[in-house]
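Please look over the sequence and the structure shown below before reading the notes on them.

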Amino acid sequence: MSLKYCQGPICHHYTTKDRLRGTKPNKTFQTRRRSGFYYGQSNFCSLNCQNDWFGEFGDLAIDHFGRTTEPKHLTEQDAWVKDYDWRNTTDDDHRYYFVNKITKEQRPLTEEQYRDNNYTLNER
Ligand SMILES: [Zn+2]
């Protein structure tokens, strides 16, 4: 199992006990190293470190990968979402349905279709 370092640019400035490493007189606060982290696709030890990274590099990253400069549109053709009627109904055929978030049209679904993550009415 390989260890990796938190990518937070100032992780070592958070002076917690677990970051204090080494022996006297060479103790330093160090970047956290773990086999995995819970934040930012396992790149950051904390939300603070993830936010620090974005604060320092976010604009550069967005410019590099493509900044959104005009609104994106979710059209009627792709506005279908699955929903579920939580009320206790005896009519199982009508518990699951598609609803179009723009037109509000509803179409019934079987439970199998509801649970099938590949089943969709959206065109893309
Ligand atoms: Zn960190």
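The following briefing covers a metal site and a sheet.

This is a predicted model, in which local features need pLDDT of at least 70 and side-chain atom pairs count only at pLDDT 80 or more, while totals for chains, interfaces and linings use all residues. Residues are numbered from 1 along each chain as its sequence is written, and side-chain values use heavy atoms, with hydrogens and water left out.

**Zinc site**

- The zinc ion has as protein donors the SG atoms of C6, C11, C45 and C49, at 2.2 to 2.4 Å (donors are N, O and S atoms within 2.8 Å of the metal, or 3.2 Å for Na, K and Ca; water is not among the atoms, so sites may look incomplete).
- The angles among the four donor atoms run from 107 to 114°, and the site is tetrahedral, a term that for four donors requires all angles to lie between 85 and 135 degrees.
- C6 lies in the loop between β1 (4-5) and β2 (20-21) and C45 in the loop between β4 (33-34) and α1 (47-65), so the pair ties together parts 39 residues apart in sequence (helices are DSSP runs of H or I with at least four residues, strands runs of E with at least two, numbered from the N terminus).
- Both C6 and C45 are buried, meaning under 20% relative accessible area with a 1.4 Å probe, protein chains only.

**Sheet**

- Three strands form an open sheet in the order β5-β6-β7, with antiparallel pairing, where two strands pair if DSSP finds at least two bridges between them.
- Because β5 (80-84) and β7 (106-109) stand at the edges with a single partner strand each, one side of each is left without a neighbour in the sheet.
- Strand β6 (residues 96-100) pairs with β7 over four bridges in the antiparallel sense, and V99 stands opposite Q106 in β7.

Definitions and conventions: Tetrahedral: all angles 85-135°; square planar, octahedral: opposite > 155°, others 65-115°. Buried < 20%, exposed > 50% of the residue type's maximum accessible area, 1.4 Å probe, protein only.
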